[in-house]
Amino acid sequence: PAFREGVLAARVWTHEGEERDDLVAQLQHMFAFLSLSERRAYRPSRWAHAFKDETGQRPVNVVLQQDAQEFFSVFCDRIEGSLKGSKQERLLEQVMGGRICHIISKKGASPDGGGTRERAEPFYSLSL
């Protein structure tokens, strides 16, 4: 619910005709429809048109099979980019984000931290 609410609260500034290609605007439309409509199904053709392929020029080909984690990663990158500069800029980080810490220590290093290095990095999903 927090992600949906954050997306719905985002201000999308598009010129007439640009909404069709605006990923956040189409995600807002989809969330609003699914929340408010009495219909049992949603036709995501406008969403698919706004979600561009890797070139960023053409709508994604919906008949190509894609790995779920790969799709989720691309989805997060694009939503994050679309929300940059808005009040919801950190939405994904706040709702789905975490930090993973890589610790590298030398063999025989003391437990007080001498000879160890730590590096933290953000993530939205973990590869298993």
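Contact here means heavy atoms within 4.5 Å. The model shown is predicted.

**View 1. Helix 1 and the helices it packs against.** Helix 1 spans residues 2–9, and its buried residues are Phe3, Gly6 and Val7. Seen down the axis of helix 1, these buried residues fall within an arc of 100 degrees, so they line one face of the helix. An α-helix has 3.6 residues a turn, so residues three or four places apart point the same way. The buried residues of helix 1 pack against helix 2 (23–36), helix 4 and helix 5 (91–96).

**View 2. Lys52 in the loop between helix 3 and helix 4.** Lys52 has a relative accessible area of 13% and counts as buried because this value is under the 20% cut-off. The side chain of Lys52 reaches the backbone oxygen of His49 at 2.8 Å. Leaving aside residues up to four places away in sequence, Lys52 touches Asp21, Gln57, Arg58, Pro59, Val60 and Arg78.

**View 3. A nonpolar patch on the surface, formed by Val62, Val63 and Leu64.** Together, Val62, Val63 and Leu64 have about 350 Å² of accessible area. Leu64 lies in the loop between helix 3 (45–50) and helix 4 (68–83). With a relative accessible area of 60%, Leu64 is exposed, because the cut-off for that class is over 50%.

**View 4. Lys52 and Leu64 in the loop between helix 3 and helix 4.** Lys52 is buried, whereas Leu64 is exposed. Leu64 is part of the nonpolar surface patch with Val62 and Val63, while the residues that Lys52 touches include Asp21 and Arg78.

How values were computed: Residues are numbered from 1 along each chain as its sequence is written. This is a predicted model: local features need pLDDT of at least 70, side-chain atom pairs count only at pLDDT 80 or more; totals for chains, interfaces and linings use all residues. Side-chain values use heavy atoms; hydrogens and water are left out. Patches are made of residues with over 30% relative accessible area and no salt bridge: like charges are joined within 9 Å, nonpolar side chains (Val, Leu, Ile, Met, Phe, Trp, Tyr) within 5 Å. Accessible areas come from the Shrake-Rupley method with a 1.4 Å probe; for residues, only the protein chains shown count as cover. A salt bridge is a side-chain nitrogen of Lys or Arg within 4 Å of a carboxyl oxygen of Asp or Glu. Helices (H or I, at least four residues) and strands (E, at least two) are DSSP runs, numbered from the N terminus. Buried means under 20% relative accessible area, exposed over 50%, partly exposed in between (1.4 Å probe, protein chains only). A polar contact is a pair of N or O atoms within 3.5 Å; within protein, one must be able to donate a hydrogen and the other to accept it, and residues adjacent in sequence count only if both atoms are side-chain atoms. The arc is that of the directions from the helix axis to the C-beta atoms.
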